[in-house]
Structure formats: structure tokens, C-alpha cells
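Please look over the sequence and the structure shown here, and then follow the paragraphs below.

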Amino acid sequence: MDEMKMERMIRETMKTCAKGLEAPDRLKTRIDFAIQSGEQTPARRRMRWGKKLTAVCLVAALAVTGAVAGSGAISGWYTSSRLADEWNDFSKTAEYMQEYMSDAKYIESFSNGFVFEKGYEQSVDKRDENNNTIETFTGIDLTYKKDDVNLIFGVEPVQEDAAYAVNDSEYGTNRMIGDVKVHYYAMPMIVLPADAEPTAEEQAAFDRGEINIAWDGANTEREDITWHSVSWIEDGISYRISTFDPGDLTENDFFQMAQEVIES
């Protein structure tokens, strides 16, 4: 997967981007629910992202940051990245954190060589079934880079109506870092062309929450990738470090990076 496509997919998978999310009774590692657009669409519904990527929601990241869980009036989350206002000067990060999450922890670089490259805001609207915005919150995503590998470090205020992998996932690895529970999972993902179908075995694995399946209108062939993510919650803030292309990073490396943030 080329760098631009990888980063685009990471950005767009951070949160749900379409209308009409119906969460299951219990979130495992995957979120198994339907995506509905404003009109009636086929069973495999595509998301309206304003870019030329037409895909089913890539739900791996939802296991980290947010799905509507037993929701009341809220039926979906829409996200938008304020890329026009992104910053490359790390010192500006403090301004954004102070405005939205003054207690959030963040660092300029990791001991393994990943260094801050840029940051941007993620604005999330919680909407009802009529597309009315009920509530809005803002998260911050920071990109770190080493050689040809990109990581996204995301922080956002914990939402009461969301489910989080660190609390709900039956897959992956949990470790305690001090008194903070940290969760790591490498979720296999199959990206299919828009008109392709998974095998029965793949569909069963998806239903069990072991893999994720997505459709990309730009793909002409099947693509097998893996979503690597470490996440935790501390003092009312949700953290995640994630990538589709970890290079030579291991599970221990992800936990080490989490520890560096927690202890910062």
C-alpha cells in the first residue's frame, strides 16, 4: 500500500463517517453494524467522504475510538479532518491541546526514532436519524514518521455513548502500565474491489470479530493488510497509536510507545 493511500485510510478509519450506525449489543474487536446513507442503498453501503475513495466503513479503528453503543437519539457519527489548518511546528500542538484537552499527554518523539511530522484536528458530529447534529466534540491526531513508516497518534475526550477496545475487546493483548490498562491488537483486514465478495470462511471470521472486511472502489484486486493499534484510556481521555504499515515494529514496541506517553 502506497504512503498516501495508507495515510488516507488511517485518517478516514479513525471514526465513523456516515449516517445510521447501529451498534451491536456488545462490542468485541469489530463493530458489526450497517452503514446507511441518506438514501436507500444496497446492503454493502458506501461512505460519502468527499474524496474519490468509495468504501465501506473500515471498522478496525472503531474498536479503538468510537461506536454508538446503545444510543438513544444518536444514530451516527460524522467526522471531518481540518487538514487546511494542519500544523508542522510541534510547539503549536500545545495550543490545540489546551483548547480541547488540556490534560492530554503527548510527546515530540519516541525513543525508537519516530518523530512528530504534523498535526490536525478531527471534528466529530453526533447526529440523529434526521441528520441533525446533537453534539460535537474535537479530537487531535498527530502524525509521526520514521523512514517510510507513518504512525497516527490520536487523542480525544472519552464519550459516554462509545465503546472502546481496551474495555470491550476479546482479542489482542492487554497489559498494565502503572495503573493504566493498555490494549494492543493487530487486526487482519481484507480490502476488496467494490463488486467482490468475501469467501464464506472470511465472512465467518468477520462475524466472529477476528478480521475486518472493507470495499474500496479504487481497488481492482483484493488487498490483504493489517491494522496495528495500541490504545488506552487515562483521566477521561482516549489515546491510540495506529498504522496499517508498522515496518519492523513489534507488539512490544507499541506497548513501549504507549508507556512513553503515559509516563510523559
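Is Asp148 buried or exposed? Asp148 is exposed, because its relative accessible area is 61%, where exposed means over 50%, buried under 20% and partly exposed in between, with a 1.4 Å probe and protein chains only. The model is predicted, so that local features need pLDDT of at least 70 and side-chain atom pairs count only at pLDDT 80 or more, while totals for chains, interfaces and linings use all residues. Residues are numbered from 1 along each chain as its sequence is written, and side-chain values use heavy atoms, with hydrogens and water left out.

Asp148 sits in the loop between strand S3 (133-146) and strand S4 (149-157), strands being DSSP runs of E with at least two residues and helices runs of H or I with at least four, numbered from the N terminus. On the surface, Asp148 gathers with Asp147, Asp245 and Asp248 in a patch of negative charge; such patches are made of residues with over 30% relative accessible area and no salt bridge, like charges being joined within 9 Å.

Glu260, by contrast, belongs to helix H6 (residues 251-262) and is buried without a salt bridge, the nearest side chain of opposite charge, Lys146, being 11 Å away. A salt bridge here requires a side-chain nitrogen of Lys or Arg within 4 Å of a carboxyl oxygen of Asp or Glu. Leaving aside residues up to four places away in sequence, Glu260 touches Ile107, Ser109, Phe110 and Ser111, contact meaning heavy atoms within 4.5 Å.

For the protein as a whole, the secondary structure comes to six helices and nine strands, and 56% of the 264 residues are buried.

Conventions:
Lys, Arg positive; Asp, Glu negative; His and termini not counted. Patch = residues over 30% accessible without salt bridge, like charges linked within 9 Å, V, L, I, M, F, W, Y side chains within 5 Å. Areas by Shrake-Rupley, 256 points an atom, 1.4 Å probe, with all protein chains shown as cover. Charge placed at Lys NZ, Arg CZ, Asp CG, Glu CD.
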